[in-house]
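Please look over the sequence and the structure before reading the report.

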Amino acid sequence: MLFNSYIFILAFLPITLIVYFLLGRLNQRYPLNKIFLVLASFVFYGYNNPRYVPIILCSILVNYLLSQGMLSLNIKPLRILFLIAGLVGNLGVLFLFKYHDFFAENLNRALSLNLRLNYWVLPLGISFFTFQQLSYVIDSYTRKVPRYNFLDYALFVTFFPQLIAGPIVLHSEIVPQFADPKNRHFQSDNFAPGLFAFARGLFKKVIIADTFAVAVEAGFLSATSLNTAEAWFVALGYTLQLYFDFSGYCDMATGIGLMFNIRIPINFNSPYKSLNIREFWQRWHITLSRFLTNYVYFPLGGSRKGMVRTCFNLLIVFLLSGLWHGAGWLFMLWGLMHGVMSVLYRLFRKQFDALHPALQWLITFTFVIIAWVFFRAPTLQDAMGIVRSMFMMNFGPLRSSITSAFALPGGFHPGYNAIYMMLWYLLAVGACLGLPNNFETTMSFKPTLLNAATTVIMLVYCILSLSGVSVFLYFNF
Amino acid sequence: MMNTKNWCRLTVSLLLAFIIFCVTVVCIIDPFQIYHLAKWYIPPIDKTTQVYSNAGIVKNYSYDSAIVGTSVTENFHPTYMDTRLGGHFIKLCTSAGTVHNHAVLLQRAFDTHSMNHIVYGLDIYSLVGASDKLAYALPDYLYTDTVLDDAQYWFNRTVWGSFLPKCLKTWGRKQEDSIRDQMYNWAGQDDYGPVAMYNAVFDTPDYVYNPDAFLEQARLNLEINLLPFIKSHPETSFDIFFPPYSAAEWSNMESKGTLEALLSLRLLCFDVLSPYNNVALFDFSARDSWVLNINNYKDTTHYGEWINDEITDCIADADGSVSERSVIECNNEKLRSWAHALHEAGYWIFNLNESL
């Protein structure tokens with residue numbers, strides 16, 4: 001189930017909230033509300049494809065048992081064995097579903113083998129819940145975690161706001177909040193900013209990201225024939241689409257979490273305001289960066305083993321980050337680009353930081369835009385086509401397939417679409433750079449009439465934008 | 001500044017009011033007639049929203065007979081069919097539709113009405129393709145009785161931005177019975193004859209046929225998308241006809257190399273459909289007074305509405321019905337010879353009657 005669907009907004013969310021708090025109030029002795037929330041989360045997860053519910057269920061059971069084993073046993077070899085089983089099990093499942101076909105295809109091509117491809121559909125959110133549980137398994141080995149009961153653990157993994165697209169929360173951030181008795185009850189002080197954040201997130205996703213998506217889709221379909229202006233608009237459009245899409249989703253997750261009195265950690269902190277690549281990764285997908293730093297970069301030695309080793313570690317982390325985002329060479333290339341940029345920043349940090357902040361920002365933002373082209377393009381040829389066009393200085397008219405994405409309803413002359421498009425880009429970039437971060441706005445929420453009005457207007461506009469009539473014109477019979 | 005409790009009350013109340021308002025308005029002014037027939041306004045029924053309008057037409061109009069098919073059935077006059085064939089006809093047409101499109105409408109018709117008579121235009125091109133292939137994405141939410149699905153209709157931006165205002169503009173007017181004739185009718189919109197056909201850009205599907213696989217797919221289509229209705233409704237008469245494409249269309253098939261496969265398909269249809277007592281098959285494909293007269297056509301397949309009325313007369317008089325396989329074979333031979341002649345001539349824009 002998606003946050004931006006009628007079934008979620010009009011049925012699942014209100015029903016789940018009402019029943020959760022009713023159960024919290026009715027019965028103080030038994031955690032019926034938590035049991036209900038776990039079950040509801042499974043419904044949320046399996047709504048579109050119930051076949052994958054057993055996978056997440058098994059994953060939770062096995063990881064919980066392994067963690068309990070490591071927390072209970074004092075025999076080190078056994079604990080190491082459990083840790084290895086946890087690492088191999090989690091990464092193995094992730095590999096089978098997400099990476100097997102990619103590696104098999106490449107091995108078949110490179111070594112003329114005939115490895116069978118699975119063509120399995122990726123279970124929703126497998127990268128997120130696998131990493132989340134990996135953190136718990138590793139922390140259980142090092143005994144940094146308290147012993148949770150199974151229900152709390154299951155809720156930590158399945159809590160539906162963060163189940164499908166993150167943030168990658170840590171057990172220590174979530175479980176204690178569910179254990180807090182006062183969170184069993186409805187709290188308007190949390191619900192109000194939660195609804196406010198949800199509305200803003202939905203608006204970012206449905207109205208802003210999905211509008212840019214149409215133009216970007218049209219642009220990437222003509223990747224090798226764009227002129228310079230079009231190439232920049234397409235690349236910048238994707239930069240904006242991805243940010244508003246993903247951060248919108250995280251805002252919704254934060255908002256829904258708050259409605260349930262649960263504070264989900266910040267995942268996007270106005271990343272396009274960053275002045276250098278290091279800062280960008282401290283602001284973009286913060287919980288993934290945190291995971292990779294804590295569980296890959298630091299164990300590899302971090303920055304404590306000399307400059308060469310630090311640079312190597314950085315490259316490894318970013319390659320893994322690329323691979324985590326998707327099984328494909330272009331994702332790895334995107335990760336490598338960020339890795340190289342991070343290494344360069346580390347090597348020439350003094351010189352870079354001495355530049356004027358505007359120039360620092362321009363270099364960083366331009367690099368991020370170009371790197372996203374490789375992240376999005378279906379083929380290297382398409383990506384190179386767009387990047388080449390961006391610097392060919394071959395200007396021309398903007399094609400209507402791109403500008404029409406920004407057309408106003410009401411049948412205005414299509415000639416105006418290019419002007420609306422410029423306005424959209426200006427406003428979107430302005431919002432990324434000039435507005436305060438949504439997470440901060442939510443946390444400093446004030447219950448004013450203006451906030452009530454904007455919340456209602458945004459929700460109404462989004463709900464009315466979720467579906468339309470696809471008018472077809474069968475011109476020729 | 002209000003406190004958060006009041007803020008929540010206000011915001012949630014406004015949202016609830018919005019939801020109730022949307023649902024109430026769409027249930028009352030129902031552009032696609034999903035909940036009731038439009039009695040105080042004229043609903044938007046045209047080709048651009050056909051799969052949407054059809055959902056309400058099939059569910060809520062009063063009828064016991066239907067004309068089903070693609071654009072070549074859209075110019076039938078149900079009121080005329082009532083007088084010639086008996087019953088109360090409605091159009092259940094989908095421009096360029098596949099047999100699966102027709103099956104969806106037939107299923108809804110049989111679910112919601114007691115059907116006496118189906119006149120089915122068996123466009124051979126609609127049999128090509130997968131058995132679940134739809135010409136256009138169907139708004140499933142309008143074709144089910146699940147209320148939860150209707151959210152996509154209640155909160156639909158096009159419904160609110162375009163169709164509700166259209167309905168309101170016609171507020172106070174009543175749908176006449178003639179709507180049955182007018183719906184989807186494209187008569188009068190085009191010219192007919194050599195110039196029109198020369199300018200026509202319509203191009204029928206250009207498939208590369210593997211004859212065996214193709215015939216098997218067509219058989220599957222008939223078995224899945226048409227036969228179940230014939231078998232499970234022996235009380236309903238099915239008058240199934242091959243539409244009279246112009247001879248030029250068969251020449252086109254010859255040029256594309258699809259002629260023999262499509263002629264075999266006609267025989268297959270006869271073999272599959274003729275054993276059923278409630279089916280009458282009509283073949284108008286080789287009726288020379290129609291298909292060799294270029295003035296009947298706006299392009300190679302679409303004929304004028306007078307032909308639709310004549311088809312109605314033929315069905316009423318059982319003129320053109322086929323009870324023997326040899327009739328189809330004989331007609332195929334005619335079509336083959338015309339196609340060859342036109343193909344050999346190297347052109348087809350001339351008055352076919354005079355040339356052949």
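## Overall build of chain B

This is a predicted model. Chain B contains 16 helices and 6 strands. Its C-alpha trace spans about 85 × 45 × 40 Å along the principal axes.

Of the 356 residues in chain B, 46% are buried. Among the contacts in chain B with a separation of 6 or more, 83% are between residues 24 or more positions apart.

## The sheet

In chain B, 6 strands form an open sheet with mixed pairing, in the order S2-S1-S3-S4-S5-S6. Strand S2 (89-93) and strand S6 (321-322) of chain B each have a single partner strand, so one side of each has no neighbour in the sheet. These two strands stand at the edges.

Strands of a sheet pair through backbone hydrogen bonds, and the pairing can be parallel or antiparallel. In chain B, strand S4 (residues 237-242) and strand S5 (residues 279-283) run parallel and are joined by 5 bridges. B:Asp239 stands opposite B:Ala280 in S5(B).

## The contact between the chains

Chain A brings 32 residues to the contact, and chain B brings 34 residues. On the side of chain A that touches chain B, at least two residues each come from helix H1 (6-26), helix H8 (188-221) and helix H20 (449-465) of chain A. The largest share, 8 residues, is supplied by H20(A).

By residue type, the side of chain A that touches chain B consists of 22 nonpolar, 8 polar and 2 charged residues.

Conventions. Residues numbered from 1 in each chain as written. Chains lettered and ligands numbered in written order. Predicted model: local features only at pLDDT ≥ 70, side-chain atom pairs only at ≥ 80, totals over all residues. Helix = DSSP H or I, 4+ residues; strand = E, 2+ residues; numbered from the N terminus. Buried ≥ 20, exposed ≤ 12 C-beta atoms within 10 Å, placed from the backbone. Contact = placed C-beta atoms within 7 Å. Pairing = 2+ DSSP bridges. Nonpolar A, V, L, I, M, F, W, Y, C, P; charged D, E, K, R; others polar.
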